[in-house]
Amino acid sequence: MKAGIATLGCKVNQYESQVMMETLLSHGFEQADDGEKSDVFIINSCTVTATGDKKVRQTVRRARRENPDAIIILTGCMPQAFPDECEAIQEADIIIGNSNRGELINYIEEFMRNHQRITAIKPHSRIYGNEFSISGMNERTRAYIKIEDGCNRFCSYCIIPYARGRVRSRSIEDIREESLRIGEKYREVVLVGINLSAYGSDIGSNLLEAVMAAASADGIERVRLGSLEPDLTPDELIDGLAGIPEFCPQFHLAIQSGCDETLKRMNRHYNTAQFRHVCEKIRSTFSNPSITTDIMVGFAGETDEEFSRSLSFAKETGFARSHVFAYSRRPGTRADSFPDQVDEQTKNRRSEEMIKATSESSKAFLNTQLGKIVNILAEREVEPGIFEGYTENYTPARIRGVALNGKIINARVTNVCDGYVMCESI
């Protein structure tokens, strides 16, 4: 039987989709090629925004049209957070949440026996389930390892604590074992989680120990981290990471807003002074780090003055790369009922201003890379004899060569182009 999967959302979802696919393969399924009809098709959903829910519905319906005889499975964050809404999506034969994907094969077999629709949403466990692991990420040149699930922060705009439950951390030994398997095929691993910074808070460990465990695996030459919370990135962590040769000095710190009043309404757990300190500490500790971020504009109650402060803070900080997006009301969150919601026209104008400013910062950062000695993990051949990849601080880079995919090349940055740097091997 052929199996296909569509993944919506974050790196954690991508990891979990790989877990599900490897589970199916281990039970005799074959992965369907692009365009090939599937006997089982999984939609791994995201529910961060209401727009995301709409995309989930569209993906389920398209899957049914393209695979009319398949068993269609809807799983992920949307069923976990909004089971009643997902129950109404009639094209799905099996609906399960985040908490019980370990029973995937049992549900498929049950449906094949009875041909009766299955809806099974179970509460989250309080501990991390070690039954989930992978051996790779299909054809990618880097692999993800999920080390944490859940979030306790309850930002006022975010539904994820309801979709993912509370913080649950994977054991250090389990991280080490999966890193060993990954190191047989890959040179770089990215540690990811729903609230990655909270790793270990429930098991008496910490993120530094997790990085050390991954870095100790044979074959792993680079370890990268997913998104971090500024208030959970203490000086001790930064100093410790600097002592791990395999650690890649790219820090994704989601500022969300550069205005303290807006951050309070968001129920973020830091202010701009704390964020500034973390950035200064990173830049004084590492020789050539990058700091990337997410910035939200148009949050409920954001005045022109508050936006101006956020814009100024973004310019001052000089992010290497920024994901700018407009606030989208999310039913089920506190912010959805906040007064003074910002109109779409204002959101669009502020998005354009913020994108323009952060694009200038990105260009300025690329110019700082000129002449530097870097290591590039080559990922794909974009033109004959020209390979594209990323440096250790996640600068997009291109280099000439032959059959470089998956290799780490020592190089010098020779030119700054539009959105990437050109390098030559040394």
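Let's start at glutamine 256, which is buried, with a relative accessible area of 9% (buried means under 20%, exposed over 50% and partly exposed in between, with a 1.4 Å probe and protein chains only). This is a predicted model, in which local features need pLDDT of at least 70, side-chain atom pairs count only at pLDDT 80 or more, and totals for chains, interfaces and linings use all residues. Residues are numbered from 1 along each chain as its sequence is written, and side-chain values use heavy atoms, leaving out hydrogens and water.

Glutamine 256 sits in the loop between strand E12 (250-253) and helix H10 (260-266); helices (H or I, at least four residues) and strands (E, at least two) are DSSP runs numbered from the N terminus. Its phi is near 65°, a positive value in a residue other than glycine. Most residues other than glycine have a negative phi. Tyrosine 394, in the loop between strands E16 (386-391) and E17 (396-400), also has a positive phi, of about 70°.

Now turn to helices H8 (residues 207-215) and H9 (residues 235-242), which pack at an angle of about 15° with axes 9 Å apart; axes are lines fitted to C-alpha atoms over the stretch in contact, and angles run from 0 to 180 degrees between N-to-C directions. Leu207, Leu208 and Val211 in H8 meet Leu237, Gly240 and Leu241 in H9, where contact means heavy atoms within 4.5 Å.

Leucine 253 has contacts of its own: among the residues it touches, not counting those up to four places away in sequence, are Leu228, Phe275, Ile282 and Asp294.
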